[in-house]
There are 2 protein chains.
Amino acid sequence: MRKKVEDLKVVALAGGVGGAKLVLGLDHVLKPGNLSVVVNTGDDFEHFGLKICPDLDTICYTLADLVDTNRGWGLANETYQVSQYLADLDAPGWFTLGDKDIAVHMERTRLLKSGWTLSQVTQDFCEKWDIETKVHPMSDSAAPTHINTKNQGLMSFQEYFVKHQFQPEVVSVVYERVLDSSPSQAVINAIEEADFVVICPSNPILSIEPILRYKEIRDLLTEKKVIAVSPLIQGQALKGPAAKMYDELGFVPEAYTVLLAYQDFLDLFIYDELDDESFPKKKVKDIITSKAQTIMKTKADKIALARVVLEQGIELLGMA
Amino acid sequence: MRKKVEDLKVVALAGGVGGAKLVLGLDHVLKPGNLSVVVNTGDDFEHFGLKICPDLDTICYTLADLVDTNRGWGLANETYQVSQYLADLDAPGWFTLGDKDIAVHMERTRLLKSGWTLSQVTQDFCEKWDIETKVHPMSDSAAPTHINTKNQGLMSFQEYFVKHQFQPEVVSVVYERVLDSSPSQAVINAIEEADFVVICPSNPILSIEPILRYKEIRDLLTEKKVIAVSPLIQGQALKGPAAKMYDELGFVPEAYTVLLAYQDFLDLFIYDELDDESFPKKKVKDIITSKAQTIMKTKADKIALARVVLEQGIELLGMA
């Protein structure tokens, strides 16, 4: 008897806003507790002494139904009392900080300084927010992503992404590993137990590659059934600089480039049906390609795509 | 010709709420720029990753006319959005954090982490707040005060003072000096140039002694004309645990005990006129004693006491 979609155990690899959409869909389709999300922490940084984890927050706020759905990040019904007074003090205001968001950063910082790991803090927050899906930071040690730009030199991820709105031309991306940063055991366990690993339509360079830079994760993925959903549709990302960065780094900004980035371990690649004609027909290794309607505007879109991804996984990759 | 009161150069040693009252009075009486305040930083601490300097903030908020005059500390017209959400997260709420206050702590933390000294940060804030009086933290290095209690062991100053509302019985007070903490050169210069050093009616054990524990300051005071105003009136402090602590540490809780604490360098001791009959008549060294109406309820009270203190200084200690 074929396994039902909702009974699958799935690990999603995700970054921020783009990835969170499919994560929310998977969260709805799968049985409570059957989804684990491994979240990029390469964009974590310290600001005003506070530890800020933008991708973790976006995933958690989304799963807790607390997210500002207009922006796709941050908390709904935010106030900005602190930021207003920071502006009065001429403090840097390039990173948006809502009051409730600041409370989250403060409590996270307090717990980390008291000796908790980032995984423990995240688990604690998920319990408080009634999130049943397991959310794992990719690592408990720092692994910051830096962007080497043509005209402004090396900058931290958030400087590039938020302060400079990803306008500087990218020469290379540096994935720093502080103190031999390694993935947490919980991440490894989740992947080992998964029926499918789903790489969400997040930025391959900025959101997914930081996770894949862990050899332990990369090696493990070669043994698993891995499905990726393209974040590029008709040569464009719905949001963010994926296409621009591919272009600047010398790659063709299209879905096929994403497939090639994941070719070492990928089993099924799902591109958008709008790319049906342009997507190259030549086969890479044993990777199966498939199409779907991948643009997720509504919650129903997210749930529908999650179901399609898992159904195609069962149909094309098999499942006892 | 006798020097006019407003032309005096004065250094005030002060802690928080009690000291801020006389500091405000001195600020009004003296010419702009003629007052320097050396502020206790023994109660500074880190909370939620933010560097918090309660006494410095109280002095600055008071001088900038931003203080919540009902409490005597914190900013007026505060909001508590962050604290409300911290409570939702079950974060510790024993230390009151207004939103504007949090902005101050965040910007201070950011500047310190970027390499500024606490003196530089304080000066920057004073410029933004149009404070002409010079406000100096007693040191740029950490010198935390710890309280050794009878039944609950050693605790940090803020745990004792705010979290436990100074209820635990005190066995001893530990003035830690981190990394050979020394007073900043600006503090030394200000005292050297002063006509008078005024020890404000702050808690002698918790607010003034941390400053006096620097041998450089203590030695310097023996060469200066030093005036102290008693914080104890009829055996009671108007606010805070000064009398209770004296009692627990085996001292008589009265103004005379304060005089004795400062006897190594004191020239003039001013006690409240309510203590006129009870104040011992025996002379300690060459210290002159005098009385005044020292209870400061209104701004006029503060200005009046400041004027009396300086006039008595000129009259009793002389001034070219």
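Mentor: Start with the contact itself. In this predicted model, 20 residues of chain A are in contact with 20 residues of chain B. Two helices of chain A, H3 (81-88) and H4 (99-113), each supply at least two residues of the side that touches chain B. H4(A) gives the largest share of that side, with 9 residues. By type, the side of chain A that touches chain B divides into 10 nonpolar, 4 polar and 6 charged residues.

Now ask how the two copies are placed. The same surface serves both copies, since 100% of the contact residues of chain A recur in chain B.

Next, zoom in on one residue of H4. A:Glu107 lies in helix H4 of chain A. Is A:Glu107 buried or exposed? A residue counts as buried if 20 or more other C-beta atoms lie within 10 Å of its own. A:Glu107 has 24 other C-beta atoms within 10 Å, so A:Glu107 is buried. Look across to the other chain. Leaving out residues up to four places away in sequence, A:Glu107 touches B:Phe48, B:Leu86, B:Leu89 and B:Ala91. For a distance within chain A, take A:Leu63. A:Glu107 and A:Leu63 are 44 residues apart along the chain, and their C-alpha atoms are separated by 19 Å.

Helix H3 comes next. The buried residues in H3(A) include A:Gln81, A:Val82, A:Ser83, A:Tyr85 and A:Leu86. What covers the buried residues of H3(A)? The cover includes H4 of chain A, and also helices H3 (81-88) and H4 (99-113) of chain B. Just after H3(A), A:Asp90 takes a positive phi of about 60°.

A:Phe48 also has a positive phi. The value is near 55°, in a residue other than glycine. A:Phe48 lies in the loop between strand E3 (45-47) and strand E4 (50-52) of chain A. With 27 other C-beta atoms within 10 Å, A:Phe48 is buried. B:Lys285 has a positive phi of about 50°, although it is not a glycine. B:Lys285 sits in the loop between strand E13 (268-272) and strand E14 (288-292) of chain B. Here the count is 10 C-beta neighbours inside 10 Å, so B:Lys285 counts as exposed.

Now step back to the sheets of chain A. Strands of a sheet pair through backbone hydrogen bonds, either parallel or antiparallel. In chain A, 7 strands form an open sheet with parallel pairing, in the order E5-E2-E1-E9-E10-E13-E14. Strand E5 (134-137) and strand E14 (288-292) stand at its edges, each with a single partner strand, so one side of each is left without a neighbour in the sheet. From one strand to the next, the twist averages 20°. Take one pair inside this sheet. Strand E1 (residues 10-14) and strand E9 (residues 196-199) of chain A pair in the parallel sense over 4 bridges. In this pair, A:Val10 stands opposite A:Phe196 in E9(A). A helix packs on the sheet too. Helix H12 (residues 299-317) of chain A touches E9, strand E10 (226-229), strand E13 (268-272) and E14. The direction of H12 makes about 140° with that of E13(A).

Chain A has another sheet to look at. Here 3 strands form an open sheet with antiparallel pairing, in the order E7-E6-E8. The edge strands are E7 (153-156) and E8 (170-175), and each pairs on one side only. The twist averages 25° from one strand to the next. Strand E6 (residues 145-149) and E8(A) run antiparallel and are joined by 5 bridges. A:Thr149 stands opposite A:Val170 in E8(A).

Finish with confidence. Chain A has a mean pLDDT of 95, and 99% of its residues reach 70 or more. The model scores ipTM 0.91 and pTM 0.94. Keep one caution in mind. Where pLDDT is low, the predicted coordinates should not be read in detail.

Conventions: Residues are numbered from 1 along each chain as its sequence is written. Chains are lettered from A and ligands numbered from 1 in the order in which they are written. This is a predicted model: local features need pLDDT of at least 70, side-chain atom pairs count only at pLDDT 80 or more; totals for chains, interfaces and linings use all residues. Two residues are in contact if their C-beta atoms, placed from the backbone, lie within 7 Å. Ala, Val, Leu, Ile, Met, Phe, Trp, Tyr, Cys and Pro count as nonpolar, Asp, Glu, Lys and Arg as charged, and the others, Gly among them, as polar. A residue is buried if 20 or more other C-beta atoms lie within 10 Å of its own, exposed if 12 or fewer, and partly exposed in between; C-beta atoms are placed from the backbone. Two strands pair if DSSP finds at least two bridges between them. Axes are lines fitted to C-alpha atoms, for helices over the stretch in contact, and angles run from 0 to 180 degrees between N-to-C directions. pLDDT is the predictor's confidence in each residue, from 0 to 100.
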